[in-house]
Amino acid sequence: MEISPIGVIRTPFTDHEGTPIQSVYGDDIEGTVILDTAYVAALADLEGFDRIWLLFALDRAKPWRSKVVPYRDTVERGLFSTRAPSRPNPIGLSVVRVVQVDPPRIVVRGVDMLDGTPLLDIKPYIPEFDAHPDARAGWLDLRRADREAADGRFMDPSE
């Protein structure tokens, strides 16, 4: 499998600490998606969508572990029951609001990634398919910690 970045995400966050742990906690924070010129034509028809999914490389996360203490808990959990960034395939997923499409840029709000994050893909958010407000959220339904910003627990110390 070969995956290559298609652009870069620019945000005000240069350090894991203080970065929102999910895009909903950075709702008013603006960022810019900058596509490589080869992909600009693929932005056609994106203007009418309120939100998009960004898939990106978690290029500064620690190596994966099978169990982690997630940001919103104080107990160790199985990695796949969390959204911790230290993953076997370090791929992030965030839904952001589209402010403006101005190829090769997309101005967005709700960023929760570090500045310079490699962009892997963009997909439209479609409420009919993507919203399941009655879904259960496992251990998170018990919410042990009410944290909205990251600390350094998943940051690669070599960065």
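**Exercise 1. In which loop does S23 lie, and what surrounds this residue?**

Before we start, note that this is a predicted model, where local features need pLDDT of at least 70 and side-chain atom pairs count only at pLDDT 80 or more, while totals for chains, interfaces and linings use all residues. Residues are numbered from 1 along each chain as its sequence is written, and side-chain values use heavy atoms, with hydrogens and water left out.

*Solution.* 
- Step 1: Find the loop. S23 sits between β1 (7–10) and β2 (30–35). Strands are DSSP runs (E, at least two residues), numbered from the N terminus.
- Step 2: Check the cover. S23 has a relative accessible area of 9%, so the residue is buried (buried is under 20%, exposed over 50%, partly exposed in between, with a 1.4 Å probe and protein chains only).
- Step 3: List the neighbours. Leaving aside those within four places in sequence, S23 is in contact with S94, V95, G110 and D112 (contact means heavy atoms within 4.5 Å).
- Step 4: Look at the side chain of S23, which reaches the backbone oxygen of V95 at 2.7 Å.

**Exercise 2. Describe the salt bridge between D115 and R10.**

*Solution.* 
- Step 1: Recall the idea. Side chains of opposite charge can pair when their charged atoms come close. A salt bridge is a side-chain nitrogen of Lys or Arg within 4 Å of a carboxyl oxygen of Asp or Glu.
- Step 2: Count them. The structure holds seven salt bridges.
- Step 3: Take the distance. In the pair D115 and R10, the closest N and O atoms are 2.6 Å apart.
- Step 4: D115 is in the loop between β7 (105–109) and β8 (117–124), whereas R10 is in strand β1, and 105 residues separate the two.
- Step 5: Judge the exposure of R10. Its relative accessibility is 37%, so R10 counts as partly exposed.

Note on methods:
Helices (H or I, at least four residues) and strands (E, at least two) are DSSP runs, numbered from the N terminus. A polar contact is a pair of N or O atoms within 3.5 Å; within protein, one must be able to donate a hydrogen and the other to accept it, and residues adjacent in sequence count only if both atoms are side-chain atoms.
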